[in-house]
Amino acid sequence: MAVRLYNSLTRQREEFSPLNPPRVGMYVCGPTVYGHSHLGHAKSYVSFDAIVRWLRTPAPLGPGFDVNYVQNITDVGHLTDDADEGEDKVVAEARRRGLHPMAVVETFMRSYLDDMDALNNTRPDIMPRATAHIPEQIALTQRLIESGHAYEVNGSVYFSVGSFPDYGKLSGRKFEEMEAGARVAVNTEKRNPADFALWKRAEEGHIMRWPSPWGEGFPGWHIECSAMSQKYLGLTFDIHGGGLENQFPHHECEIAQSEAAHGVPFVRYWLHNNMCTLEGQKMGKSLGNSISLKDVFYGREGGVRDKAGNVLLDRTFEPVVVRHFILTSHYRQTLDFSSDALRAAESGSYKLRDAARELHRAAHVAQPPSAVSADPSRDRSDPSRDRKGAVSQPTDPSGDRGGATSTSADRAQLRQAMNPLPHGRGSDRPHAPLPSSLATSDAVRSALAEIEQRFAEAMNEDFNTAAAIATLFDLAKRSGEWLRDGLAAPGGAGSGASAGDRDADPKFATRAADLRAADGLMQHLAGDVLGFYWPAALGGADNGKQDDLIRLLIDLRAEARKNKDFALGDQIRQRLSALGVELRDGPQGTTW
RNA sequence: GGCGGCGUACCCAAGUGGUUCAAGGGGACGGAUUGCAAAUCCGUUAUUCGUCGGUUCGAAUCCGACCGCCGCCUCCA
């Protein structure tokens, strides 16, 4: 099954075939770090993370590409006004705060990474910073001057749009039309209003400045992406992603610079993710309704308000819920955030979480000690998988935590495990057995195989994460059925039979293998591919003494209920609930 | 003015020519289970895809017109 994707350049869905398979070079426009990340960043980078994760998913389930994922950090040159007249955004923020621009950059770069980690986005392989690539940008600018595509005026250098006939091919704009309807402010240095800055002269007092052949100055915004992508991915690379709002002028300018300088195609597939709105309204910094991710995740007084005190979101939501919500729509579709929509996503996310946990627990309980190495969900030592950075969970010797059910205690470990090694350390193409192949009963095997196929088809069709999630819910539903069947069967997981008894029961062996296969698939699809990571606020997996203490209270409560002392039982439940531990009484006992 | 997108049930949302295509989630309602609660389970909730035409043996899916909403062309992922 080949990956098909919508290429903005050709405006159609086409089969993806990389230049040098299995390698894939991918560049995604990163943030300009002059403020905290907002919901728009979340949509963009969660979407591209899902794309990267899928491209890296080992065959035969996924395409198994070896993706080199580059995402820049813009820390200079992005002006508040695109007529090349405004102030540098970072510098403006620095003055407002009375800080050095580089301190502003450090602050918000870390903030950005924190938020992306919280969303469980895989870290890019390379995160080049514009200020660390000044020589490369100067060299590219120089090359453009030499080839007649750029000119210098008073220490600033502009790209001559008229020298590049293809200008406008990405955004569908015609150069002549733009000249006529240009809304850009008049810059007297430009020969043509549509020309854009490659290098800007630094005025007196401008802090961020570097020497150049044209005097002291700083790079224009667009040039960094051309310079850094070519450095790390080559003159022609496979995928360039970014927000739709950057299609013009930013990406158009990147194409012009790169192709004019080198005479070869710049990017083969352009991917643009759509914007998001809030209650149907455009979300923008200038509109004052842009919501920072930190407010969404941790917000104050249980909600998010704008400066005027209007409620934007009536409560906070976990990062995994935001991720779930984003992935239930298509990346090229606009997404409307609202409290109600997030609440609905939360219910769905938690339902999936609970089903995955129940399955994982049952598969674990059902597992004879001798079968440890056969569990696909714990196949974390496979070097080809670790290397890809597609594994969402740390290597865990106890094997008790899979991609979808980790405990919060593993958070630090998780982050480390996200990117154990850069991509491409080996020449072998990643390959992993299909979880369905590990099921022993025909019914379960074919059911899992069908899920695998539908999931893969969805992701292969322009990364249809919404359809992929739907198959996860189906898997959760089927798993629930198998679980209930198993619990009712002799020797089932909930029957209290000892491990020795179960080992001797052939029925049990079959069931255990099936549950492990189902669990392995759930872990892989929900955890590794879609990146769902549910912090274990409710416990669930083994969490050492804390779990033992909760178990103790549950036992005491069971005793109380047995004696019809419901007041005490309810008190225990309520007080645990206040601590974030929800008890659930099931036919097989109490879980939480 | 130029460029582009969208309009699918109460809400979110997938689906871009035909047989399992009207997914999935949320919500609501009815029922099962339950000391209560939560969760879970079963069932119900679009003969129809903004409107009107057209193409076709066949359209939510293609074409045209119209209505409505939105984005980009200033800053934003």
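**Rings, charges and the overall fold**

In this predicted model, ring pairs join Tyr27, Phe237, Phe266 and Trp270 into a cluster.

How many aromatic pairs are there by this rule? The count is 16. One of them is Phe16 with Tyr269, an edge-to-face pair with centres 5.0 Å apart and planes at 65°. This pair ties together distant parts of the chain. Phe16 lies in the loop between β2 (12-15) and β3 (23-28), while Tyr269 belongs to strand β10 (residues 267-273). The two are 253 residues apart. Both Phe16 and Tyr269 are buried.

Phe237 and Phe266, from the cluster, also form an edge-to-face pair. Their centres are 5.3 Å apart, with 85° between the planes. Again the link is between distant parts of the chain: Phe237 is in strand β9 (residues 237-243), and Phe266 is in the loop between α7 (247-262) and β10. Here the separation is 29 residues. Phe237 counts as buried because its relative accessibility is 1%, under the 20% cut-off. Phe266 counts as buried because it, too, has 1% relative accessibility.

Charges also meet rings. The charged end of Arg332 sits over the ring of Tyr6, 4.1 Å from its centre. Arg353 lies over the face of Tyr350, at 4.1 Å from the ring centre.

Now the whole chain. Chain A has 18 helices and 17 strands. Of its 592 residues, 56% are buried. Among contacts between residues at least 6 apart in sequence, 74% join residues at least 24 apart. The chain exposes about 24,500 Å², with carbon and sulfur atoms supplying 51% of it.

Technical notes:
Residues are numbered from 1 along each chain as its sequence is written. Chains are lettered from A and ligands numbered from 1 in the order in which they are written. This is a predicted model: local features need pLDDT of at least 70, side-chain atom pairs count only at pLDDT 80 or more; totals for chains, interfaces and linings use all residues. Side-chain values use heavy atoms; hydrogens and water are left out. Helices (H or I, at least four residues) and strands (E, at least two) are DSSP runs, numbered from the N terminus. Buried means under 20% relative accessible area, exposed over 50%, partly exposed in between (1.4 Å probe, protein chains only). Contact means heavy atoms within 4.5 Å. Accessible areas come from the Shrake-Rupley method with a 1.4 Å probe; for residues, only the protein chains shown count as cover. Rings of Phe, Tyr and Trp (its six-membered ring) pair if their centres lie within 6.5 Å; planes under 30 degrees apart count as stacked, over 60 as edge-to-face and the rest as tilted. A charge sits over a ring if NZ of Lys or CZ of Arg is within 6 Å of the ring centre and within 35 degrees of the ring normal.
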